[in-house]
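Open the model in your viewer and color it by chain. This tour goes step by step along the place where two chains meet.

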Amino acid sequence: MAPPAPRTGDAVFANVERVNAELFTLTYGAIVRQLLTDLEEVEEVNKQLDQISIFRGYNIGIRLIDEFLTKSNISRCVDFKETAEVIAKAGFKMFLGVTASVTNWDADGTSCSLVLEDNPLVDFVELPDTCQGLYYCNILSGVIRGALEMACISPEPNFWCTHQGMCLVRLATHPR
Amino acid sequence: MIGVGKIKQYSNVLDKPLSRGKQEFCLQVSLSAFAFLFSELVQYNQTQVDNIAELERRLEDAGYAVGARVLELLCHRDKGNRRETRLLGILSFVHSTVWKVLFGKVADSLEKGTEHEDEYMISEKELLVNRFISIPKDMGTFNCGAFVAGIVRGVLDGAGFPAVVTAHFVPMEGQQRPRTTILIKFAEEVLRREARFS
C-alpha cells in the first residue's frame, strides 16, 4: 500500500480541534507575567527568560514533534532548506493557524529567517519601557529547537521580535 | 519586505481593531497548542511551590489576569459597553458569553447552592483545560480548573461582584471522569446590594 500523501498545513489545521486564539494569547501573557514577577531584576529576567523560555519551549517541542509527524504525514526532509519550509508552512499553520515565510538564506544555506507576520502570541501586547529588551516570543525558539532535536537535527535557533509584533526566528544549523 | 502588502502596520497597539473580520481561522489556534502551553504553565508553577494550596493559588492568580482582560474585551466587543448590575445578569454572562468565547460552548449548567444563599455553581462535564491532564493520587483534590476559577474571579471582580471562586471535582455515577464544578461564593456586600435592588 502506498504511504499516505503528505497533507498541507491548511488541511491539517482544518481537521484538528481548535480553540479561541484569544484564550491562547492571554494564557501566554499570564505565563510571561509570572516569570517576570518571579525573577525580579530586569537583567536577570532577560538572561533567565531566555533560558527558562527555551527550557519550557523545549519541553513543548519534544512532545509537539510527535503530534506533528502523525497528523501531517510529512516524509523525511532532504535538506535543511526543506526543513525550514516545512516548519514555516505546515508546522506553524497546524498549531498556530498562521504561516511563516522563509527569508534571508545565507551563502552556504545553513541559516535562514522565519518571519511571522500575524503571531497569535503577541496580539495586543505592548512591552513597557522596563522590559524593552525582552524576547517575548522566545518560547517559539525553544519549541522549534526541541522539535528539531527530536527529529535528529541540532539547530541553534535565535529569536528576535520587532516592534510591530512581526517575529523573526533565525535558524542556524551546523554545516555538514 | 515579503508579504507586507495587505497587513497595515499600526503605530499604537491600541489602534488595532478588536476583531479580525470574517477570517475564522485567524481567530483560532489548535487545541494541542493551547494544551501544551497550559501544561507548561502548570509544570513551571510546580517548580515554584512546596504544596498544593500554593499551586492552586498561583494558577488562580494567572487566571485572574486573564479574566480581567476577557471582561474588558467582551464588554466592549460583544455587549456594546453595557454593564451588568444584577447578580443573575453577571452569572449568565459568565455562564454563556464568557464560556462561549473562551471554550467554544456555553457551560453545562448554572445552579444556585442549596445550603447557602451566596453560593452558585457552574458545572462542566470536562473542562477544556483538564482534558489532557491527569492528577496523580498523591495530589489529592488538586484541580487544574483553578485556572478557570481564577478567570471567573477576574471577570466577577472587574464587574464589581467580588467573590471567592474555587474549582472542585464532583464524581458522577456511571462516568469515569468526574465532573468539574466552579463554586462561586459572593461577598456580603454583593448580596446586600442585590437585596436593595429587589
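**Where chain A meets chain B**

Start with polar contacts: 14 residue pairs make them across the interface of chain A and chain B, both residues of each pair being at pLDDT 80 or more. Keep in mind that this is a predicted model.

Next, select the elements of chain A that give two or more residues to the side touching chain B. They are α1 (9-15), β1 (18-20), α2 (21-38), α3 (42-72), α4 (80-96) and β2 (100-103). Which of them gives the most? Pick α2(A), with 13 residues.

Now color this side of chain A by residue class. It has 22 nonpolar, 8 polar and 12 charged residues.

**Charged pairs**

How many salt bridges does the rule find across the interface of chain A and chain B? There are 4. For one salt bridge, select D38(A) and R58(B). Their closest N and O atoms are 2.6 Å apart.

**Strand against strand**

Move on to β1(A) and select strand β1 of chain B, residues 28-30, with it. Do the two pair in the parallel or the antiparallel sense? The pairing is antiparallel, over 3 bridges. Zoom in on R18(A): opposite it stands S30(B), in β1(B).

**Step back**

Finally, show both chains together. In contact are 42 residues of chain A and 48 residues of chain B. The size of an interface is often given as the accessible area lost when the parts come together. Here chain A and chain B bury about 4300 Å² between them. Carbon and sulfur atoms account for 61% of that area.

Notes. Residues are numbered from 1 along each chain as its sequence is written. Chains are lettered from A and ligands numbered from 1 in the order in which they are written. This is a predicted model: local features need pLDDT of at least 70, side-chain atom pairs count only at pLDDT 80 or more; totals for chains, interfaces and linings use all residues. Side-chain values use heavy atoms; hydrogens and water are left out. Contact means heavy atoms within 4.5 Å. Buried area is the accessible area (1.4 Å probe) that two parts lose on being put together, summed over both. A salt bridge is a side-chain nitrogen of Lys or Arg within 4 Å of a carboxyl oxygen of Asp or Glu. A polar contact is a pair of N or O atoms within 3.5 Å; within protein, one must be able to donate a hydrogen and the other to accept it, and residues adjacent in sequence count only if both atoms are side-chain atoms. Helices (H or I, at least four residues) and strands (E, at least two) are DSSP runs, numbered from the N terminus. Ala, Val, Leu, Ile, Met, Phe, Trp, Tyr, Cys and Pro count as nonpolar, Asp, Glu, Lys and Arg as charged, and the others, Gly among them, as polar. Two strands pair if DSSP finds at least two bridges between them.
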